[in-house]
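Let's take a friendly walk through this model, one piece at a time. Have your viewer ready and follow along.

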Amino acid sequence: MKKITLLGSTGSIGCSTLDVVENNPDRFRIVALVAGENTELLLKQIEKFRPKVVAVKSKEAALKLRTALTAKNRVKILYDVEGMREAAAHPSADIVVSAISGSAGLIPTLAAIEAGKDIALANKETMVLAGEIVTQKALKKRIKIIPVDSEHSAIFQCLEGSRRENLRRIILTASGGPFLNFTARQLQQVTLQQTLRHPKWKMGKKITIDSASMMNKGLEIIEAKWLFDMDMQAIDVLIHPQSIVHSMVEFVDGAFLAQMGVPDMKIPIAYALTYPERIAGNSAPLNLAKEKTLEFYPPDARKFPCLDIARQAGIDGGTAPAVLNAADEIAVEAFMRKTVRFVDIPVIIEKVLKEHKTIKKPTLEDILDADRWARLKTHTIIERMTH
Ligand code: MG
């Protein structure tokens, strides 16, 4: 029986993780759930999975839960960053699924690593913001970080049983999102509704918008750099609209290995939870004969500048990726409020990065400061643009 703490239980990855747990009741048990403010869904999850501890974002949310739960339910309710850290470090968990959306995932994930837990990592921001600190801490604590992000899970699987020194290149695939074949002119007019209509994956709003702008792939390059200790230059991106090949690796002899499957997050989630084993019955099978064609194209950097902006921030390193990520989070929020256009997102992020003085070899405090600075700066820039 594997005991699981789930950070971000009410999000898209969180719900899929709970589906996997529910499908395999003799394999997994939930120890702790951490969520934001969706107490309605969390309540249902508490009743179904009976965790020992839950943590939510605010005291108000904690009170709401307490009132809604019957006196019989002895679940311990925590709140705030401190509560999330305590839940993430709960002693009875074997593995912690890190699936909070955005930079908010970093601190609880670090707490779990500090407590010696293996991590199933879906929160890419943990690596984007603090890849160096996180990988060093993982090494020191001798814990495993198993990727859940579908591309990184694919690469992780492709590298199983092969020699690291033979690896030449990583190729991340990207669906291309809903605007793959849009002209630059059409991109100027796209609506929020269109942006949220991802052709292949069902995900949360933030990551769906990031997929449409290619920022998601940019963040994934940085994530891959740290997860697989690769040079940024050895990580390439290919557009693959069918989303069947989830990513691939190239070895020095020219051989490629690719991992394929239907686009269903339950596959990489289950793999991360059972690694190095595999379990059946979590997803529909892939029918390649029905699929017929698998296409690959180079990404269009002019139409989707976020990819190169992110790559450059990754090369600059230090606090630059934290600034990139924070500026993107705020710009995407503004796009969701319809304050800025879709095409403004990269323009805003670039402005923020330009004003940032990168700190090399940052401490965690430097990174959190850069994150806060970038959020304020992004708000100011958006304010200036829209008034
Ligand atoms: Mg991904």
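Helices here are DSSP runs of H or I with at least four residues, numbered from the N terminus. Keep in mind that the model is predicted. With that in hand, look for helix α11, which is followed by Asp229, a residue with a positive phi near 50 degrees.

Stay with α11 itself for a moment. Its 13 residues reach 18 Å from the first C-alpha to the last, close to the 18 Å expected at 1.5 Å a residue. How much of α11 is buried? The answer is 12 of the 13 residues, so the helix is largely enclosed by the rest of the structure. Among the buried residues are Met215, Leu219, Glu220, Ile221 and Leu227.

Now turn to another pair of helices. Helix α1 (residues 12-23) packs against helix α12 (residues 266-274) at an angle of about 65 degrees, with the axes 9 Å apart, and their crossing is right-handed. On the α1 side, Ile13, Ser16, Thr17, Asp19 and Val20 meet Lys266, Ile269, Ala270 and Leu273 of α12. Sorted by class, this contact has five nonpolar, two polar and two charged residues.

Terms used:
Residues numbered from 1 in each chain as written. Predicted model: local features only at pLDDT ≥ 70, side-chain atom pairs only at ≥ 80, totals over all residues. Heavy atoms only, no water. Axes fitted to C-alpha atoms, helices over the stretch in contact; angles between N-to-C directions. Helix = DSSP H or I, 4+ residues; strand = E, 2+ residues; numbered from the N terminus. Left-handed = near helix turned anticlockwise from the far one by under 90°. Contact = heavy atoms within 4.5 Å. Nonpolar A, V, L, I, M, F, W, Y, C, P; charged D, E, K, R; others polar. Expected span 1.5 Å × (residues − 1). Buried < 20%, exposed > 50% of the residue type's maximum accessible area, 1.4 Å probe, protein only.
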